[in-house]
Amino acid sequence: MVELRQHDSPPSGKGRWRDVARSRAGTKRGRGATRSRTRLSVAVLAVLLLAAVLVPWLSPSTGLVDYGSVRMPPGPGHPFGTDTSGRDLFTRSWAGLRISLLVAAVSTLVSTVLGSVVGTVAGSFGGWTDRLLMRLVDAVNSVPHLLLGIVIVALYSGTVLAVVLSIGLTHWATVARVVRSEVLGLRERPYVDAAISAGASRWWILRRHMLPAVVPQASLSAVLLVPHAVFHETALSFLGLGLPPHLASIGNILGDGREAVLLGAWWIVAFPALLLVATTLAVSGLAAAWRDRTVPARRSELTL
Amino acid sequence: MERRGLDAEELRSAVWSAHRAGGRSAAVLWLVLRRLVWAVPVLLLVSLGVFLLAAASPFDPIHQYYGVRIYDASAADVARVRAELGLDRPVLARFWEWLSGLFSGDLGVSRSMRQPVVEVVAQRLPWTLLLAGTGLLLAVVFSLVVGTVAAWRQGGWLDRTVTAVGHALEGVPPFVLALLAIALFSLGLGWLPVAGLTDAGSSLGLGQVLEHLVLPAAVLGVSQAPWLVLHVRQSLLTALTEDHVNGARARGMSERIVVLRHALPTALLPFVTLIGARVPELVTGAVLVEEVFSWPGVASAVVTAAKAADYPLLAVLTLLATAAVLLGSLLADIAAILLDPRVATDG
């Protein structure tokens, strides 16, 4: 029987006559590692999302305050233990994760829409509009994002809308920059020339030829933003500037846990933090895999 | 997120003017001038932004001034205080007044701290600089050592551990790190104090401050280290395959000299730019770390001011942080010009 061998991968490292810089992502082992990392990210994220939806819904625990069982260590009945008010941390953490993710998703959406509009307008109008908008982007990026976010939430007191705005209004600049450079590339394409010579107006070109074409890049930078949004939401809530107590996110739970840690109740911080870190890593792992696939030139082991 | 480095246009103009004036100091001077000119509109825009946001807020600062006593105060008194605080005038008038105060050294009065903003900043800024400086120094030294070893022994156990832990730590927020560090080192092992600048009742001394500095500075350093370590490792890996390194190896130089004297200097250049670009994250980390460790710096004052909607203080602190970011990227770019002979010889 004839064995068919595929030659779709470059020869392995043994044949090279000198060491050259190469990304591990290109090698057989590296590809396998990337793929398994992607699979792991997807699996972890799926489990986390499913649990975040199902656990608070199906949980037998009421999640109500119970001063008879305050700060109980993890054990049967309370897999994550209970908090300072005797609430079951298992139910509370998953519900908190759901809220954190929801707020992060909505804020990311706000940033992405705002950034895409600014980027498209700047890129396609060019000239003074472009220069002015890009200087604005630079200015927004010169203020530390958490600080600007704090200024925004502080002045509109702890509501969900304030948190969403605070994250949304600070993170659009990155998206705007990505979208703008994409649009600058698109402007020179022959089909845009064709549309202009056929008499298409500026708005028509913007709507029909630019916006649909920037969607892939914009959605990639949106996914890359999600971990940042989760971090900002939890940080604001942790500081007591974020979500109101009745909409407790992971950040609120960790903020409540600060004093509990001093009393030795490590689980009040450890378990919610574990959920938070797992979610962040899974989302950024997925985003990195997507970026490597669509923008091979940016492929790198660094995440900036 | 963004690399806020020297962009091509700026580099070109710096090189060009350096050639004309002859010398690298001219290039630095030119860069400083350009950045100063750029910093003015940014700082103006940022402070105007804070004022406009504050004006649009539904929160009335008079409630914060009075607290619950507002219910006992007569309408005339409230109106009088409002006029004294200047809250009855339009926002742009207040902004203008604040701005002219800024140039005469009068930054207004912080309502949450009940003391002039200048005093708040003067008392707290040194502590923040101490904490952030120590944290950054720890992170830089650590990442240079570990990143170099990891790249030198690529694929070894240290490299694999460092890469895995680095990527994992990127997902851990500084406040989680801080809480875990307190749980482990202060409560579990009892090695270091939980929070504050000194033990309760003891006076301010060098030993006390150092003992209390260790944990927050270490947490701040660790929270910044992953990006720096992975960056040093990556750029050293690239540098190790460049021609001049191959040349050095061909001349039979020792591995030590090749790595430390030939490869590392090339790798350091982008690293300097990265450090400058990390200032916003350093500020973010300082806010969270100072808050958890009750460190009496300006960053934790941000949180106090925010909770009280104390925008005279908040505006100044935001401005201070923005200036720090701009200064960070300027210093990094000056270092890049001074360190890299190619900047002045290309052309």
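What follows is a list of stops, with what to look for at each.

A word before we start: this is a predicted model, in which local features need pLDDT of at least 70, side-chain atom pairs count only at pLDDT 80 or more, and totals for chains, interfaces and linings use all residues. Residues are numbered from 1 along each chain as its sequence is written, while chains are lettered from A and ligands numbered from 1 in the order in which they are written.

**Chain A.** Select chain A and colour by secondary structure: you'll see 9 helices and 0 strands (DSSP runs numbered from the N terminus, H or I of at least four residues for helices, E of at least two for strands). Among contacts in chain A with a separation of 6 or more, 68% link residues 24 or more positions apart (a contact means C-beta atoms, placed from the backbone, within 7 Å).

**H6(A).** Now pick residues 190–197 of chain A, helix H6, which is hardly covered, with 0 buried residues among its 8. After H6(A) comes Gly199(A), with a positive phi near 95°.

**Where the chains meet.** Show both chains: 47 residues of chain B are in contact with 42 of chain A. On the chain B side, the elements giving two or more residues include H2 (24–56), H8 (174–188) and H14 (311–339). That side divides into 32 nonpolar, 9 polar and 6 charged residues (nonpolar being Ala, Val, Leu, Ile, Met, Phe, Trp, Tyr, Cys and Pro; charged Asp, Glu, Lys and Arg; polar the others, Gly among them).

**H9 against H12.** Zoom to residues 206–239 and 279–292 of chain B, whose axes come within 10 Å and cross at roughly 140° (lines fitted to C-alpha atoms over the stretch in contact, with angles from 0 to 180 degrees between N-to-C directions). From H9(B), Val219(B) and Leu220(B) are among the residues meeting an H12(B) set that includes Gly285(B) and Val289(B). By class, this contact has 6 nonpolar, 3 polar and 1 charged residues.

**The core.** Finish with the largest nonpolar core, 156 residues, where Leu147(A), Ala178(B) and Leu314(B) have the most contacts (a core is a set of buried Ala, Val, Leu, Ile, Met, Phe, Trp, Tyr and Cys joined through C-beta atoms within 7 Å). H9(B) supplies the largest share, 15 residues. Centre on Ala178(B): leaving out residues up to four places away in sequence, Ala178(B) touches Val219(B), Leu288(B), Val289(B), Val292(B) and Phe293(B).

Key
Two residues are in contact if their C-beta atoms, placed from the backbone, lie within 7 Å. A residue is buried if 20 or more other C-beta atoms lie within 10 Å of its own, exposed if 12 or fewer, and partly exposed in between; C-beta atoms are placed from the backbone.
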